[in-house]
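Reader: Could you walk me through this protein, one question at a time?
Author: Gladly, let's have a look together.

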Amino acid sequence: MSFAFVLANQGISTTIIDADPNGPILKWAARFPAGVPEKLTVKNGVGAEAVAEAIQDSTDPFIIVDLEGAKNIEVSVGLGRADLALIPMKGSQLDADEAVNVIKFIRRQELIFGRKIPYRVFFSMTSPVIESKGMRDIVSQFKEQGIPMLKASMVERAAFQLPFKLGGSLYDLRAGEVRKPEAAIENAEVFAEEVVATVVAEHKNAAKVKEAANG
């Protein structure tokens, strides 16, 4: 959601598809329609058909599909069209093991769809001041296994949850509503910058591979 806020704030037309059965983003948009950024479109993605149709119908340069954690058919459809799959995890070994399971699922989808599905793992809900030994161990473990990770993490801050309560986006928050909203915005912007750069790099690599294959 924060990624979508950054893109919309930069004037980039963005569609976010809420494929979570609980529909938190849909509820946010319905509850605070005036607070939805001008460049942001929210669509329903509950059900495989809804995900596919929402992706097909959107002409925005960025389409973000917010999928629930289960490895179901909606996730499969979303991955089949993905330019980049983002896998969040907390800094625990249990989360690291689940991230590996998601990567295995992605690799199975690659066989089904006959295409490479780029992905990155990243830490979410981390401490703004402390990098734990467990996190450092996971980074080393993933590096040894060749699992790509984003350098940027999403820090645990109240500002990331407050739009669901107050409406609007990160950029509408004020200091009287939450502590240091500018810190959350900076974190989201650094994260978004790396994600966009990764998507661009993956597109360039895919083009080179295609060019080489065509001789």
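Author: A definition to begin with: buried means under 20% relative accessible area, exposed over 50%, and partly exposed in between, with a 1.4 Å probe and protein chains only. This is a predicted model, where local features need pLDDT of at least 70, side-chain atom pairs count only at pLDDT 80 or more, and totals for chains, interfaces and linings use all residues. Residues are numbered from 1 along each chain as its sequence is written, and side-chain values use heavy atoms, with hydrogens and water left out.

Reader: Thanks! Which residues of H1 are buried?
Author: Helices (H or I, at least four residues) and strands (E, at least two) are DSSP runs, numbered from the N terminus. The buried ones are Ser 2, Phe 3, Ala 4, Phe 5, Val 6, Leu 7 and Ala 8.

Reader: Which residues does Ala 192 touch, leaving aside those up to four places away in sequence?
Author: Ala 192 lies in helix H8, residues 181-213, and counts as buried at 4% relative accessibility. Contact means heavy atoms within 4.5 Å. Not counting residues up to four places away in sequence, Ala 192 touches Phe 3 and Val 6.

Reader: Nice. What pattern does the protein follow along the sequence?
Author: The protein has 8 helices and 6 strands. Read along the sequence, they give α-β-α-β-α-β-α-β-α-β-α-β-α-α.

Reader: And why is the protein said to be as compact as a globular protein of that length?
Author: The radius of gyration is taken over C-alpha atoms, and the globule rule is 2.2 Å times the number of residues to the power 0.38. For 215 residues that rule gives 17 Å, and the protein is close to this, so it is as compact as a globular protein of that length, with a radius of gyration of 18 Å.

Reader: How many of the protein's residues count as buried, as a percentage?
Author: The C-alpha trace spans about 55 × 45 × 30 Å along its principal axes. Of the 215 residues, the buried share is 44%.

Reader: Now the open sheet: what is its strand order?
Author: Two strands pair if DSSP finds at least two bridges between them. S4 and strand S5 (residues 119-126) pair in the parallel sense over 5 bridges. The open sheet has 3 strands with parallel pairing, in the order S4-S5-S6. Strand S4 (85-89) and strand S6 (154-155) each have a single partner strand, so one side of each is left without a neighbour in the sheet, and the strands at the edges are S4 and S6.

Reader: Which residue in S5 is the bridge partner of Pro 88?
Author: We stay with the bridges here. Pro 88 has its bridge partner in S5, and that residue is Phe 122.

Reader: What phi does Lys 180 have?
Author: Most residues other than glycine have a negative phi. Lys 180 lies in the loop between helix H7 (162-166) and H8, and is partly exposed, with a relative accessible area of 42%. Although Lys 180 is not a glycine, its phi is positive, at about 50°.

Reader: Last one: is Gln 109 buried or exposed, and which residues does Gln 109 touch beyond four places away in sequence?
Author: Gln 109 is found in helix H5, residues 93-113. With a relative accessible area of 4%, Gln 109 is buried. Not counting residues up to four places away in sequence, Gln 109 touches Ser 76, Leu 79, Gly 114 and Ile 117.
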